[in-house]
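Subject: Structure handover

Hi,

Here is the structure I promised to pass on to you. Have a look at it first, and then read on for my notes on what turned up.

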Amino acid sequence: MSARPMLLIVVAAVVAFAASLSLLDIESEDYFWQLRTGRLIWETGTVPTRDPFSYTAPGAPYIDIHWLFQIWLFAVYQLGGHAAVVVGKLGWVLLTLGLIAPIGARRERPAVTGVALLLVLVLFAERIMPRAELPSFALLAGLLLLLDLSRRADARFAAVGIIALQAIWVNTHGLFAVGIAVIAISLAGDLFDRWSTDASRGEASWPRLAAALFGSIAVSFANPNGWRGVVYPIQQLGMLGSPDGRALGASIVELQPTLGNASFMLIAAAALLLGFALLALIANRRAAPMRDWLLLAALLYLALTARRNLALFAIVLAPMAVSHCNAWLDARPHLSNPRQTLAASTAVVLTSLLLCADVAFGHFHRRLGVPREFGFGVMRNWFSLGAADWIANNRPPGPIAHQMADGGVFIDRLYPDYRVMLDGRLEVYGPDLFDRLQWSDPATFQALFREYRFGTVVVHFSKLPSEQMLRWLQSRPAWKLVFVDPVSAVYVRDRADRFEALDIDSDELFPPLVDEGRVQAELQVRGRALFYTALRREGRARAAIEWARTRYPEIDFSAR
């Protein structure tokens with residue numbers, strides 16, 4: 001088989017794996033508040049600089065550095081609803097892969113790039129959500145491609161492209177600071193090589209990099225928040241490190257260190273990619289520039305400090321590994337004969353197909369530790385959509401007490417009629433207020449009640465430890481259970497007897513169980529079982545679990 005057909009087959013296999021990881025129901029808690037903010041910007045024509053959404057931090061500074069992404073998100077949603085957003089996720093993933101794939105690639109050796117891109121997708125998988133990170137990843141990939149172009153003698157306008165990219169990035173996501181850091185590290189490495197024993201290294205590229213660095217820093221101030229937007233990423237640095245040593249480290253899973261918190265599959269994929277890059281650099285060490293060693297060290301540090309940074313690690317290391325591996329193979333043509341190339345490419349294609357099947361059967365994301373399933377909507381049994389709809393239709397008294405997991409949904413569904421207690425905009429609340437607003441036990445709840453005088457409580461028992469709160473609320477005459485579904489329960493303080501309390505022993509308390517896919521079935525059954533167990537109705541909990549086990553015997557309810 002000639003090189004071109006084999007290349008196309010490898011590309012198709014990688015795209016198929018990317019599609020299997022992207023065309024899934026939305027389960028990001030930040031999705032809804034990002035969508036609502038995009039609508040607010042669209043309707044008002046201005047980017048908010050003060051918080052409009054919460055009652056606990058009204059008017060607090062809101063450094064909305066994601067506003068370009070939010071406008072895109074709302075525009076795509078207007079075109080085709082949640083389904084269009086799901087397809088948009090795939091678009092960002094393919095754009096990211098398409099931008100890093102040409103770096104160091106060889107048409108006659110597609111397997112080298114194919115292996116690297118498969119590892120990127122595995123490390124990328126947890127972050128494929130409709131959040132501003134996705135365009136940020138694509139912008140990082142575009143920066144790497146421009147930096148690669150800047151080292152060529154005819155790349156006169158690469159610095160201009162880098163500066164323009166940074167101007168977009170600073171208005172899209174806080175990771176724009178990573179772009180500036182990558183430019184600075186590349187410049188430092190090239191200057192080291194320039195003034196090392198081999199003075200010819202870096203001579204052509206460092207002036208362009210210096211111009212790109214200073215220009216990128218200058219355009220960073222071109223955002224609606226001015227200097228506050230520029231220092232925003234520095235504030236986020238306080239979230240890195242050990243959970244005991246950083247703000248919010250114990251509360252936000254994605255900010256926790258990778259070792260000890262990420263799944264074995266992610267750690268194994270990261271180790272494979274790190275090994276690939278190190279071997280390629282060592283094999284090609286005579287031509288390997290200092291910038292690549294520095295970038296590897298910097299991205300490895302980021303990857304270890306927070307599991308969310310594994311995607312950044314993958315995007316930077318993959319083209320580095322490919323470039324040096326292919327450069328080493330270029331000097332050894334006997335290692336790349338057609339038979340070996342075909343065998344390697346076939347192995348990449350088969351691996352990609354096996355990974356696609358693993359995703360389709362639900363095993364991949366189970367190992368990853370995230371509940372995802374094929375679909376073009378939102379994961380209904382993951383969000384308090386039923387509670388939000390009940391509140392919108394029945395207008396119980398406010399303010400509403402809830403956890404961060406529900407803040408985004410309530411902003412999207414209930415604003416401006418109700419404002420939220422807290423949500424995922426950590427820059428609005430800050431670590432002190434954010435931690436103080438967490439409640440899972442009656443004592444903490446009562447302390448907050450004395451301050452805010454809640455009229456309604458939403459207990460998201462399917463995700464969060466809620467046994468104490470459910471038992472306490474159920475035992476208090478002042479609070480009535482007025483709504484429950486497999487996700488959350490709504491209690492109101494109803495002095496005027498507007499609402500009738502639900503009977504927790506009624507056979508009609510929950511809607512009938514629906515056989516709608518393994519993940520959705522697991523979520524609805526697990527939620528129902530948790531509710532009944534918390535209120536000491538173990539028989540009803542066991543009945544729900546047995547219903548699921550007869551249909552999905554692979555679900556292990558004892559594991560969680």
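I'll start with a helix pair. Helix H10 (residues 264-283) packs against H12 at an angle of about 35°, and their axes are 8 Å apart. The crossing of H10 past H12 is left-handed. From H10, the contact takes in Leu266, Ala270, Leu273, Leu274, Phe276, Ala277, Ala280, Leu281 and Ala283. On the H12 side, the residues are Leu310, Phe313, Ala314, Leu317, Ala318, Met320, Ala321, His324, Cys325 and Trp328. Sorted by class, this contact of H10 with H12 has 18 nonpolar residues, one polar residue and no charged ones. Please keep in mind that this is a predicted model.

H12 comes up again in the pockets. The second largest pocket holds about 380 Å³ of space. Its lining has 20 residues, and Ile103, Asp148, Arg151, Asp292 and Ser323 lie nearest the centre of the pocket. Helix H5 (133-150), helix H11 (290-305) and H12 are the elements that give two or more residues to this lining. Which of them supplies the largest share? That is H12, with six residues. By class, the lining of the second largest pocket divides into 10 nonpolar, five polar and five charged residues.

- The largest cavity has about 60 Å³ of space. Its lining consists of Gln403, Trp439, Ser440, Val458, Val459, His460, Leu464, Pro465, Ser466 and Met469. Six of these lining residues are nonpolar and four are polar, with no charged residues.
- The second largest cavity has a volume of about 40 Å³. Around this cavity are Ile100, Ala101, Ile103, Thr113, Ala116, Leu117, Ala318, Pro319 and Val322. Helix H4 (110-124) and helix H12 (310-330) each give at least two residues to the lining. Here the classes are eight nonpolar, one polar and no charged residues.

Two residues link these features. Ile103 lines the second largest cavity and is also among the residues nearest the centre of the second largest pocket. Ala318 lines the second largest cavity and also takes part in the contact of H12 with H10.

Next, the sheet. Four strands form an open sheet in the order E1-E2-E4-E3, with mixed pairing. Strand E1 (400-401) and strand E3 (479-484) are at the edges and have a single partner strand each, so one side of each has no neighbour in the sheet. E3 pairs with strand E4 (residues 489-493) in the antiparallel sense, over five bridges. Within that part of the sheet, Lys480 stands opposite Val492 in E4. Helix H19 (residues 467-475) lies across strand E2 (456-459), E3 and E4, and runs at about 40° to E4.

Finally, some backbone details to check before you set anything up. The peptide bond from Gly398 to Pro399 is cis, with omega near -5°, and Pro399 is in the loop between helix H15 (385-394) and E1. Arg395, which lies in the loop between H15 and E1, has a positive phi of about 55° although it is not a glycine. A cis peptide bond also joins Tyr415 and Pro416, with omega about 5°. Pro416 has its place in the loop between helix H16 (404-414) and helix H17 (426-436).

Happy to talk any of this through.

Best wishes

Key:
Residues are numbered from 1 along each chain as its sequence is written. This is a predicted model: local features need pLDDT of at least 70, side-chain atom pairs count only at pLDDT 80 or more; totals for chains, interfaces and linings use all residues. Side-chain values use heavy atoms; hydrogens and water are left out. On a 1 Å grid over the protein atoms alone, a cavity is a set of points where a 1.4 Å probe fits but cannot get out, and a pocket is an open set with protein on both sides within 12 Å along at least five of seven lines; lining residues have an atom within 4 Å of a point. Grid points are joined across faces, edges and corners, and a volume is the space filled by probe spheres set on the points. Ala, Val, Leu, Ile, Met, Phe, Trp, Tyr, Cys and Pro count as nonpolar, Asp, Glu, Lys and Arg as charged, and the others, Gly among them, as polar. Axes are lines fitted to C-alpha atoms, for helices over the stretch in contact, and angles run from 0 to 180 degrees between N-to-C directions. A crossing is left-handed if the near helix is turned anticlockwise from the far one by less than a right angle, and right-handed if clockwise. Contact means heavy atoms within 4.5 Å. Two strands pair if DSSP finds at least two bridges between them.
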